[in-house]
Amino acid sequence: MGEKLLIAGNWKMHKTPQETREYFERFLPLVEGLEGVEILVCPPFVDLPAAAEAVAGSGVKVGGQNCHYEKEGPYTGEVSPRMLRAVGCEFVILGHSERRRLFGETDEVVNKKVVSALEEGLRVILCVGETLEERESGLTFTVVETQLKLGLSGVEDRLEMVEVAYEPVWAIGTGVAARPEDAEEVHRFIYSVLEKMNPEGAKRVRVLYGGSVKPENAEALLSQPSVKGVLVGGASLKPESFAAIAAAGARLARLK
Ligand code: PEP
């Protein structure tokens with residue numbers, strides 16, 4: 001068996017610290033002993049200390065959903081990579097489509113964040129993906145390639161610290177996931193772009209699929225050869241459904 005599949009949960013703006021503790025009380029026994037998967041939960045910033053305390057010793061990791069690119073300073077409302085590390089984060093999600101669409105993050109801003117997070121020793125999950133309009137105009141590969149090249153500009157030699165999440169915007173929170181073969185096609189393309197940047201480093205990157213992943217479709221998506229994990233939004237909020245997705249990953253990991 002090769003590298004572990006990454007099963008990552010993005011809670012977005014959900015749950016308080018108390019709800020976080022209750023979640024892990026139910027979740028951890030459900031995933032105890034699962035092999036072949038690395039499990040990551042990315043709660044809101046204020047929940048990170050409670051999450052880190054709850055997962056201590058379990059093997060489950062915690063990460064941030066975003067960060068600023070400066071180390072510190074007059075950036076009201078922001079959190080730096082160093083602060084994420086200090087509360088136990090190993091990963092940070094960057095360039096999520098909600099950050100790009102609702103908070104105006106450009107590829108240039110995302111790139112600054114990627115550089116800064118890597119400098120601080122965080123592993124980065126860089127999100128890329130096309131809108132429905134872009135897909136229908138045949139722009140999927142162009143959009144994904146641009147987001148990858150600009151997002152990873154200057155860190156091409158550090159791909160071993162990077163994971164990529166392919167998240168078609170039209171599939172996020174809609175209940176309509178990409179068809180497994182369509183996800184596979186884009187994942188293969190992503191690997192081809194990464195290989196041109198850094199052939200050895202590209203082999204270490206896990207390209208995750210994200211967009212309406214649920215227990216019912218996780219196995220079909222994860223069984224695609226170039227799908228090396230999933231980034232799960234809505235279905236990661238319930239311990240039982242996120243654990244079922246992790247269990248599907250553990251079954252598939254044996255075959256990969
Ligand atoms: C996400 O927010 O990264 C995501 C994939 O959301 P959902 O699973 O709810 O579509």
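**Exercise 1. What volume does the largest pocket have?**

Setting: this is a predicted model, in which local features need pLDDT of at least 70, side-chain atom pairs count only at pLDDT 80 or more, and totals for chains, interfaces and linings use all residues. Residues are numbered from 1 along each chain as its sequence is written, and side-chain values use heavy atoms, without hydrogens and water.

Solution. 
- A pocket is an open set of points on a 1 Å grid over the protein atoms alone, where a 1.4 Å probe fits and protein lies on both sides within 12 Å along at least five of seven lines.
- Take the volume as the space filled by probe spheres set on the points, which are joined across faces, edges and corners. The largest pocket comes to about 510 Å³.
- List the lining (residues with an atom within 4 Å of a point). It has 18 residues, and K12, M13, Q65, R99 and F103 are closest to the centre.
- Assign the elements (DSSP runs: helices H or I, at least four residues; strands E, at least two). Helix 4 (residues 97-102) gives the largest share of this lining, three residues.
- Sort by class: nine nonpolar, five polar and four charged, with Gly counted as polar.

**Exercise 2. Describe the second largest pocket.**

Solution. 
- The second largest pocket holds about 260 Å³ of space.
- Its lining counts 16 residues; L34, V37, S58, G59 and V60 lie nearest the centre.
- Helix 1 (17-31) and strand 2 (37-42) supply at least two residues each.
- The classes are seven nonpolar, four polar and five charged.

**Exercise 3. Which residues are closest to the ligand?**

Solution. 
- Collect the shell (a heavy atom within 4 Å). It has 14 residues, with K12, E167, G173, S212 and G233 the closest.
- Find polar contacts (N or O pairs within 3.5 Å). A side-chain N or O atom of E167 is 2.8 Å from a ligand oxygen.
- Turn to the backbone. An N or O atom of G173 lies 2.6 Å from a ligand oxygen, and a polar atom of G233 is 2.8 Å from one.
- Compute cover (Shrake-Rupley, 1.4 Å probe). The ligand has 290 Å² of accessible area on its own, and the protein covers 95% of it.
- Sort the shell: four nonpolar, eight polar and two charged.

**Exercise 4. Check the overall fold dimensions.**

Solution. 
- Count elements: the protein chain has 11 helices and eight strands.
- Apply the globule rule (2.2 Å times the number of residues to the power 0.38, with the radius of gyration over C-alpha atoms). For 256 residues a compact globule would be near 18 Å; the protein chain has 17 Å, which agrees.

Key
A polar contact is a pair of N or O atoms within 3.5 Å; within protein, one must be able to donate a hydrogen and the other to accept it, and residues adjacent in sequence count only if both atoms are side-chain atoms.
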